[in-house]
Amino acid sequence: DDVRSGRGATPGPRSTRMSRVLVAMSGGVDSSVAAALLVEEGHDVIGVTMKTFCYDGTPAHSKTCWGLDGIMDAKRVAAALDIPHYVFDVEEDFTRDVIDDFVSEYAVGRTPNPCVSCNSNTKFPELLERGRALGCDQIASGHYVRVQHGDNGSSLLRGLDPDKDQSYFLWAMPREMLPKLLFPVGELTKAEVRDRARTLELVTAEKPESQEICFVPSGNYRDLLEKRLVATHPALLPGPIVRRNGDVVGEHHGYAGFTVGQRKGLGGGFPEPLFVLEVRAETREVVVGTHEELYEDVVEIAGLNWLQEAPEAGSIVHVQMRYRAPAASGTVERLDDTLIIALCEPFAAITPGQSAVIFDDEERVLGGGRVSRAYTRTTA
């Protein structure tokens, strides 16, 4: 298809140089408005939807992230905006980089963030590569984040809507990609995005958000694990539920069904509420304790990726360890292949496998990694 640009538009505040932009269009309202804003600014816009594991002819899959419904809605929006639209098949890469990683993490007792793996390993690298082939200068998406471009480089910032900020999911992108990125809705609230979509009469204006993991349409990730792991895998076998002192207080039906902080599925009959404190894959033990025992004040982070210069030992940073959790402040105690942060206050349910995103001032992303372990100074 010929690439057509928006007509009669004036540049908006997000960019000053008109360019050809490849926009990831999932078929949701956020990416639809992102594409519309770029067209209004006068950019040459090309829409693209990725065909991942999500796509399937079955009703269960068609309504998930980037599924059949998403592809069709993205095409409708692209037609309304008078821009070309393509579908890229990335199922092989997605399966290797996201689904296999998801399964392998649960198999060793950790709790992964599949959206982080998707963004850093599949989505944005693929967009950049395909965009180059189509002559695009930049790539864009509907994420609620901001990129600040300046003479000293580019920085990834939180989205202005604190309820929708998605910077937590983008720490693992290659640093060299930052100058190429645009996030048009990062300066808007979700309500403003909805209003803009209604004004433009986009078919996605009232489309609800997808909450489940796209490749687990049933909502129960254990269904996927049981399909991809052998039935005799230790993660799926029964094992003891124990207290930290070694007392056995119950039995579980596979440690892959548990994550730190979880209360459901532990059975009853305890004199006080118990929560998962630790998953020990090597012994198939699920360690439980009181809510007070969930709190730790030191976190170790591995698999590091830096979008800015790494902080020095002694620096005060802010670390976000769950998507919906507030950032906790702490001091960098050590930084080599592993980052160790001493938290200013104990934090509950720090979970191995989850992303830990480092901010310098609670707004700019320095980088991040995966939690490898957490402990309390007195019990290290």
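User: What should I know about the model before starting?

Analyst: It is predicted: local features need pLDDT of at least 70, side-chain atom pairs count only at pLDDT 80 or more, and totals for chains, interfaces and linings use all residues. Residues are numbered from 1 along each chain as its sequence is written, and side-chain values use heavy atoms, with hydrogens and water left out.

User: At what angle do α4 and α5 cross?

Analyst: Axes are lines fitted to C-alpha atoms, for helices over the stretch in contact, and angles run from 0 to 180 degrees between N-to-C directions. Here α4 (residues 91-107) and α5 (residues 114-133) cross at roughly 165°. Their axes come within 9 Å. The two helices are therefore roughly antiparallel (angles over 145 degrees).

User: Which residues of α4 and α5 meet?

Analyst: Contact means heavy atoms within 4.5 Å. From α4 come D93, F94, D97, V98, D101 and F102. From α5 come P114, S117, C118, N121, T122 and E126.

User: How do α1 and α6 pack?

Analyst: Helix α1 (residues 29-41) and helix α6 (residues 190-199) pack at about 65°, with axes 10 Å apart. That makes α1 roughly perpendicular to α6 (65 to 115 degrees). The contact uses V29, D30, V33, L37 and E40 of α1. On α6 it uses K190, V193, R194, R196 and A197.

User: What lines the second largest pocket?

Analyst: Rolling a probe the size of a water molecule over the atoms shows where empty space is left. On a 1 Å grid over the protein atoms alone, with a 1.4 Å probe, a pocket is an open set with protein on both sides within 12 Å along at least five of seven lines; lining residues have an atom within 4 Å of a point. The second largest pocket has 30 lining residues. L277, E278, P352, R373 and A374 lie nearest its centre. Strands β10 (275-280), β12 (295-306) and β17 (365-375) each give two or more residues to this lining. The volume is about 580 Å³.

Terms used:
Helices (H or I, at least four residues) and strands (E, at least two) are DSSP runs, numbered from the N terminus. Angles under 35 degrees count as roughly parallel, over 145 as roughly antiparallel, 65 to 115 as roughly perpendicular and the rest as oblique. Grid points are joined across faces, edges and corners, and a volume is the space filled by probe spheres set on the points.
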